[in-house]
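The following note sets out several points for a colleague reading this structure.

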Amino acid sequence: MRILHTGDWHLGRTLEGRSRQKEQEAFVDELVAIAEEERADLIMMAGDVYDSVNPPAAAEQLFYEAASRLASGGRHLVVIAGNHDQPERVSSVSPLVFGHGITLVGLPAADPVTVQIARTGETARIAALPYPSEARLGELLAEDSDEAGLRLAYSARVGRLMKLLSREFTTGTVNLAMSHIYVLGGVESDSERPIQVGGAYTVDPSALACGAQYTALGHLHRPQKVKGEGVIRYSGSPLAYSFSEAGQAKSVTMLGLSPGAEAKPEEILLRCGRPLVEWDCTGGLDEVYKWLDEGRDANAFIDLKIRLSEALSMGDIQRLRKARDGIVHIRPVYPEMEQELEASLRSRMPVQELFRRFYQRQTGGAEPEDSLVELFLELAEEDRDGQEAEETQ
């Protein structure tokens, strides 16, 4: 049988208030085309259908349309809920789609999913485990406050569930597993909402040792393989959802699999989605406008860092945003400011006062507007948060 693995659609997600709806619609079109071209029999969607528990109506409509199209022509679609999803919302339409090749699994359950593939006459058994929070598992973590002990308890519980869900695996079936979890060894990015506290919800790869030939994972947005029994893989997200994913190639995973065979997945690169890029302009505003005039990264969302010797005015910021709608962040960097910031940290001078003094020197004594000070504080906070996120990865 031919199996297509995808996940982390995050329908309804925006980028700093900018809609990604058109890009997500283009992804659905591309995914359906891939399913047809690759003659997929089974599509496994590994969680995070939506970006929030209360998605906009347009996001729900897009999911229903995607499910209907993917399950046409005799194909089967199996979807599990992720940590961003409201599990009952994902599975609420099950009565309407039952019998139409669509299986929606919202909450962890003890029963595996069985799919009959008419084209090949094969049977797929899927140990399908939606995002298993402690509340959804119905079992509290051990009272031991030691992080290693908590991780072992959680991994052990996930392992017991996977073994329970795989109890109907046989030598004559195609044996698959699917979950939305963070597996130890996976590489994160900023756009995944953490599903573990201090690492306590990290799952050891050994917990997934249930006899599956292929394990389809969701949660991490970078496509990647995880070491463990059989073949364990994150398909990644179809779009880049934060600038920590700048430069990542997005893909879905395709494989052909028969009972007892070794899984040999293949990445199929996606063409949809606007790229996210980071510009570091050392030549100031002149260099920025030169790049804009050249049409550099014309279709991209841009995180712009400009190194300046003079203060960036609100007028400069407005002109930049009008010049290219894809500019999301504008981060002025002042070498003199960086030096004074270090001095202020030593002297405990408030950062807004430091900025006021810097601005006055650059403008011959003019007082900055409150809105400009607030903008600087917001940019400084964003930069600090970004640095902290990078340090934790």
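**Points on the predicted model**

1. Helix 7 (residues 284-294) and helix 8 (residues 314-323) pack at an angle of about 15°, and their axes are 11 Å apart. The model is a predicted one. Because angles under 35 degrees count as roughly parallel, helix 7 is described as roughly parallel to helix 8. The crossing in which helix 7 passes helix 8 is left-handed.

2. On the side of helix 7, the contact with helix 8 is made by Leu285, Val288, Tyr289 and Leu292. Helix 8 contributes Asp316, Arg319, Leu320 and Ala323. By class, the residues of this contact divide into 6 nonpolar and 2 charged, with no polar residue.

3. A further helix pair is formed by helix 1 (residues 21-37) and helix 2 (residues 57-70), whose axes come within 10 Å and cross at roughly 10°. That angle makes helix 1 roughly parallel to helix 2. From helix 1, the contact involves Gln21, Gln24, Glu25, Val28, Asp29, Leu31, Val32 and Ala35. From helix 2, Ala58, Ala59, Leu62, Ala66, Arg69 and Leu70 take part. The contact of helix 1 with helix 2 has 9 nonpolar, 2 polar and 3 charged residues.

4. How many aromatic pairs does the structure hold? There are 5 aromatic pairs. One of them joins tryptophan 9 and phenylalanine 63 in an edge-to-face arrangement, at 6.4 Å centre to centre and 65° between the planes. Tryptophan 9 lies in the loop between strand 1 (2-6) and strand 2 (14-15), while phenylalanine 63 belongs to helix 2, so the pair ties together parts that are 54 residues apart in sequence. Tryptophan 9 and phenylalanine 63 are both buried.

5. Phenylalanine 63 also pairs with tyrosine 64: the ring centres are 5.9 Å apart and the planes stand at 50°, so this pair is tilted. Are these two residues buried or partly exposed? Phenylalanine 63 counts as buried at 2% relative accessibility, whereas tyrosine 64, with a relative accessible area of 35%, is partly exposed. Ring pairs link Trp9, Phe27, Tyr50, Phe63 and Tyr64 into a cluster.

6. Arginine 2 is located in strand 1. Its C-alpha is 4.7 Å from that of alanine 40, although arginine 2 and alanine 40 are 38 residues apart in sequence. Leaving aside neighbours within four places in sequence, the contacts of arginine 2 include Glu38, Arg39, Ala40, Asp41 and Leu42. Arg119, Met254, Leu255 and Gly256 are also in contact with arginine 2.

7. Serine 179 is part of strand 9 (residues 174-180). With a relative accessible area of 1%, serine 179 is buried. Not counting residues up to four places away in sequence, serine 179 touches Ala46, Ile80, Leu129, Pro130, Pro132, Ala216, Leu217 and Gly218.

8. Two backbone angles may be worth a look in the display. Arginine 39, a residue other than glycine, has a positive phi near 55°, and arginine 39 lies in the loop between helix 1 and strand 4 (42-45). Aspartate 297 likewise has a positive phi, near 50°, in a residue other than glycine. The place of aspartate 297 is in the loop between helix 7 and strand 18 (301-307). Aspartate 297 counts as partly exposed, at 32% relative accessibility.

Note on methods. Residues numbered from 1 in each chain as written. Predicted model: local features only at pLDDT ≥ 70, side-chain atom pairs only at ≥ 80, totals over all residues. Heavy atoms only, no water. Axes fitted to C-alpha atoms, helices over the stretch in contact; angles between N-to-C directions. Helix = DSSP H or I, 4+ residues; strand = E, 2+ residues; numbered from the N terminus. Parallel < 35°, antiparallel > 145°, perpendicular 65-115°, else oblique. Contact = heavy atoms within 4.5 Å. Nonpolar A, V, L, I, M, F, W, Y, C, P; charged D, E, K, R; others polar. Left-handed = near helix turned anticlockwise from the far one by under 90°. Phe/Tyr/Trp six-rings, centres within 6.5 Å; stacked < 30°, edge-to-face > 60°. Buried < 20%, exposed > 50% of the residue type's maximum accessible area, 1.4 Å probe, protein only.
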